[in-house]
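Please open the model in your viewer and keep a selection tool at hand. The stops below each name what to select and then say what is found there.

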Amino acid sequence: MSASNLLSTGSVLRMSDPAMGRAPPDFVPTVQVLSVKPIPSPNGDRFRLVISDGVYFINGMLATQLNELVGGPSGLQENCIVRLEEFMNNKVGGKIVVVVLRLSVIQQMHERIGSATDVGKVVDAHGGGGNAATSMPAAAARVTPASNSGSSSHNPYGGGNNPIGHSAVPMHNAYARPTSSHSSSAPIQVVSPQANQGGGMHLTPIAGLNMYNNRWTIRARVTTKSDIRTWRNAKGEGSLFSLELLDDSNVDIRATLFKEAVDKFYPLIQVGKVYRISGGRLKIADTKWNTCKSPYEMTLDQNSEIHLDNDVGNIPTMHYEFTHKIADLEQVTDTTKHIDVLAVVKSVQEPVNLISKKSGQELTKCDLVLVDDSNTEIMLTLWGDKARNAPHEYANQPVVAIRRARVSDYSGKSLSADVIIVNPEIPQASQLADWWNRAGRSNSSSVRSLTAAGGSGGKVETFENRKCIASIKEENLGHGNPDKPDWITFKGTITFIKRDKEGGAWYPACPNAGEPCKNRYKVSTTTDGQWYCDKCQGSFPNCVRRWIFSATVQDDTSSTWVSFFNEQAEQLLGVTADEVYAKSNTSGGFEQDTYDSFFAKALYTEWIFKCKIKNEMVNEESRVKASVVTLVPVDYARESLDMLAAIEKF
């Protein structure tokens, strides 16, 4: 068989027809990929392809879910032969681009087949987008399947005698908005998918959406639906909610609805249902908040079309990419990265109420301890209603699939997430449940934790996992990844507090408790006795003083300097900086003895410290700095029992 017989000659010409849209199921051409080049995008690299049938070539784009196929000895690379199993074309900047949604690599080649020319020039020469094949020589226009077994004149791509595969029936306008008979109070109708196809409805896969085409209709499942949120600012006020939509290309996109659209659609849209959606606007996704795979996000208004569609089972209920075990999360340094996690809920802590320093409102939080078959556990923090319902929702140690969890360096490593599915019906969940019931539950006391002591739950590290101060130097803590601190928990005694800073062991902070200052930014005095903040550019009659000082901590192996900041200092001293300032500065002037007495109470007290160890530049010198993150008074009864248990192990 000659090399040219490997390719479906004439298939590129058919792909170039603007009226094709999504390729019919029986159009599965075999082509050669002449080039694979990465194109940077906000959501990571995409790959541009040049696709050839040996006669013509056309530009293409690889859907992001296929990026993993690129490279490797048997992967997608230059000159390889592939079978295009699912694809569509789009017009971008006046040019037809093929968006590849699914393919199989058939064979690796070291050279190009034929001398293909740009099909775009052929189309332009015959009317710029009309059916160029009808006026082309027969040898070029005929679509020839790749030879597999004998010769056949049957055209496997359909279309009868029309070489491009068009029907003689006039085309419907694929982009015309369907006539709707529903009222604004009931905008969602059940529509048959078969009726859509028979009526000429052109469905665009989410992977094929782009900024150059605003006449599209997608068919997708609602995988998540947010609560209604309200806002109020200088431009006005309103409400919004967001959806995440997934289609059969396994690409999802976020859609946001505002104001009138909230009132119209929120009560009617249900999670898990399939809808046809059109009439929205696209913009580049803000990857800081949007975790969907599509590089775009969608805005829908009250004039958008949302129709309930029959669920024929071709769209998954949720798409997961379990690329990391919990043990692997220790190596994740990019805190903007979102990761799917499958785990067992080992334990659920009691929900606690906190006061937000930012808003002053009461918040509810609950911590879950997650574990998987890497014998590693991590803390997941829930807030609000999810936290209040957690003890009931996650009882009996279920398997949970956490979609796009955020990995934080807080307390070592910890997780937060919005979408958690309990006991998902996927094979990986059954395998993990079998591991837990067979071996994991009985060995749960010996697992390693990525969440350090005093983490989001305020727990102290177990006695067995504590270290001594000498470990800071012995293990060279702080000298590893410059972007990732090390953590250590030890028992130590306060032996000295450096409190002789001019004006007091604090700094004057902005009294603005809201954004952007939140009582953190330093203020300075003005000539008229006011306090001025550069951050919010406000002037205030007073300030808020916040602790900041250093101290030495010692155990029986070594000593170290540690830094105390406001929250930790208040716990150590039992008093705020403003209170010490008020009692030390009386009408008679500054009272040194009163000031010193607050620090004297803390000297030679013993605590369990959790510290962050990081190498920092100070006056152009590299120094290892230890900062106290949490300190807990020693429970001597518990400590004695732990020591006796440790002695018995020897």
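Begin by selecting strand β18, residues 362-372, which is where leucine 363 has its place; note that the model is a predicted one. Leucine 363 is partly exposed, since its relative accessible area of 32% falls between the limits of 20% and 50%.

Among contacts between residues at least 6 apart in sequence, 65% join residues at least 24 apart.

Now select helix α9, residues 566-573, and show its side chains: which of them are buried? They are Asn566, Gln568, Ala569, Leu572 and Leu573, and because they cover an arc of only 160 degrees around the axis, they lie on the same side of α9. To see what covers these buried residues, display among others β24 (486-498), β29 (544-554), β30 (559-565), α11 (592-600), β33 (606-618) and β34 (621-633). Just after α9, glycine 574 takes a positive phi of about 75 degrees.

From here, move to the largest nonpolar core, where, of 32 residues, Trp547, Phe549, Phe564, Leu572 and Phe609 touch the most other members. At least two residues of this core are supplied by each of β24, β29, β30, α9, α10 (577-584), α11, β33 and β34. Centre the view on phenylalanine 564, whose contacts, leaving aside neighbours within four places in sequence, are Ile494, Trp547, Ile548, Phe549, Ala551, Ala569, Leu572, Phe609, Val628 and Leu631. A second, separate core has 29 residues, and Val99, Ile206, Leu243 and Leu300 are included in it.

The last stops concern the backbone. Most residues other than glycine have a negative phi. Select glutamine 397, in the loop between α6 (384-393) and β20 (399-408), and you will find a positive phi of about 50 degrees although this residue is not a glycine; glutamine 397 is partly exposed, with a relative accessible area of 27%. Then go to glutamine 537, in the loop between β27 (531-533) and β28 (538-540), where phi is positive at about 55 degrees, again without the residue being a glycine. Glutamine 537 counts as exposed, its relative accessibility being 60%.

Key: Residues numbered from 1 in each chain as written. Predicted model: local features only at pLDDT ≥ 70, side-chain atom pairs only at ≥ 80, totals over all residues. Heavy atoms only, no water. Contact = heavy atoms within 4.5 Å. Buried < 20%, exposed > 50% of the residue type's maximum accessible area, 1.4 Å probe, protein only. Helix = DSSP H or I, 4+ residues; strand = E, 2+ residues; numbered from the N terminus. Arc of directions from axis to C-beta. Core = buried A, V, L, I, M, F, W, Y, C linked by side-chain atoms within 4.5 Å.
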